[in-house]
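Please examine the chain shown below.

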Amino acid sequence: MSCETCHSRDLCALALVDRAWDRAVRPRLYGRIHIVGNDWPAHTKKFKMKAGVRLKLLRRTLRERKALAQHVREVKVPRLQTDGEAVEAKTLDLVASIVMACPNLERLVGFYPVYGHNFDRLTYALSTRSCLKEHMWMIGENPSITERSLKQLPPGLMDLEQTESFLHFHDRWRSLSTLFLCSQKHGVLERDVFVQCLHRLPALRHLCISNFDMDDFDDVTLQSLPSLESLRLQDLEGVTFWGLSEFSRTKSAKGITQLSLVNLDITYLSAISNILLHLTSLQRFTLIQESSPEVAVGDLVFQPVIASQQLRYLHWDVLLPGSANDNLASSIRAGGFPSLRTLRAPSDYDGQLQMVCRPRAQVVLPSDKYSKAYRASAESDSSGLARTLFTARKLAQKRIEDARNAVEFKIVIEEEGVVQEVFDIQGFMGTIGSQISYNLEPDVPSSDNALIDFLDLISGSKEVTPRDGCTGMWNASHPAGKKWWNHTERYRYHPVDLQRFF
């Protein structure tokens, strides 16, 4: 299997065939530029640089040949630092110069530095790209804001210059459709700033908000969101079950087709019922939390407790056992989800949700026996609650095997009162005729976590220190041999689509 380096080399060879091939290959070669892994040692020695040689060469090419720069839509920047290490200012400036050289840039992939309400060239460069379609804000801590927070309560922690600068960055993003707002290390982004920046983006359709304090994002801010198609709310202590119920009734929520609620600790099942009832366009729904949402004391219970006529995909992950899984299973049996086709439930400890799905012969994957979780389970058998796909698949497969070994019923064949043959019919786990598929596969291949998270985007340990990476020797049978095809070992990069977050 090749890598981005080998792929680019092959495209370059095709472009050298003749002018017709060059015209056909050029948009492919420069439309999506992915620079992965470490630089070639000979290049670092020649240019007297520790890292970033390919970025510097790319910048020179784009500046000298404007026609090629017009093709660039996506740029993947190599990981130049380990996890937790701050990005150097010269690296930001180098990436910013590449962004400025690409007038039609739509995406900057794999490079998400922390923005601490201080000016940097990369943020300014991205703010000038009018074709930008997606952006991720990683809001970090600012010393002046932290100092003011010790003397006063919000709002007013961000000064006028910080507020205006942040809002001004969004003025030219008329085509931005996907936006991530994430707080890191007590990053602050006040309520008014949230509302104003979101309403400055006319093309915004997909929004993710994560890890903000209740003083920054709460139920009131939630009601002010613009019309969206996809929404992910994660680790927001200011969002309550009441705010979610009220938001589902707003006009801006009617068009939502994908909704993810991660670690919001929704107390009552009625809030989830209201969301599914009022969001009439909802196709995908994700719920992840530790506590089990329960029916409020004194409420009358009618089946189905929760229902959605149009929902097709449901990720239901409640870590602590309670009545939530039982209520969902009962609602499915009562016909509350006629359009549901896929159910993913990693915390289905007793198999209630597996029982209402279509029977499967095998849930475990062939790669499970090579995973770290398999080796860990062989050493120690823990009975504690865990939110891992390996454990979920292991328990689901055990339920399938136990049902298969049990006799469900017998068929007895008699002739003239004499028993001729007896057939034992083994059982199965699931419901015959169900249209729901029981899925325990991750969003990111080979991951043990079902839902994609920010670490899947910002972690670069595999790229900095690749193991079993590509060295170009997969095609070493070429007559030119090792000298032509060999390159520095690099990680086989697979792009992560941000739409998987919703």
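Helices (H or I, at least four residues) and strands (E, at least two) are DSSP runs, numbered from the N terminus. The model is predicted: local features need pLDDT of at least 70, side-chain atom pairs count only at pLDDT 80 or more, and totals for chains, interfaces and linings use all residues. Residues are numbered from 1 along each chain as its sequence is written, and side-chain values use heavy atoms, with hydrogens and water left out.

The protein chain has 20 helices and 15 strands, and its C-alpha trace spans about 95 × 70 × 45 Å along the principal axes. Of its 502 residues, 46% are buried (under 20% relative accessible area, with exposed being over 50% and partly exposed in between; 1.4 Å probe, protein chains only).

On the surface, Phe-409, Ile-411, Ile-413 and Phe-423 form a nonpolar patch with about 330 Å² of accessible area together. Such a patch joins nonpolar side chains (Val, Leu, Ile, Met, Phe, Trp, Tyr) within 5 Å, from residues with over 30% relative accessible area and no salt bridge; areas come from the Shrake-Rupley method with a 1.4 Å probe. Strand β13 (residues 407–415) supplies the largest share, three residues, while Phe-423 sits in strand β14 (residues 418–426) and is partly exposed at 36% relative accessibility.

Lys-410 is exposed at 52%, whereas Asp-424 is partly exposed at 38%. By this rule the count comes to 14 salt bridges.

Another salt bridge pairs Asp-218 with Arg-191 at 3.0 Å, N to O. Asp-218 lies in the loop between β7 (206–210) and α11 (219–223) and Arg-191 in helix α10 (residues 191–198), so the pair ties together parts 27 residues apart in sequence. Asp-218 is buried, at 11% relative accessible area, but Arg-191 is partly exposed, at 36%.

Where does α1 contribute? α1 (4–15) is among the elements that give two or more residues to the lining of the second largest pocket, and its nine residues are the most given.

Notes: Patch = residues over 30% accessible without salt bridge, like charges linked within 9 Å, V, L, I, M, F, W, Y side chains within 5 Å. Salt bridge = Lys/Arg side-chain N within 4 Å of Asp/Glu carboxyl O.
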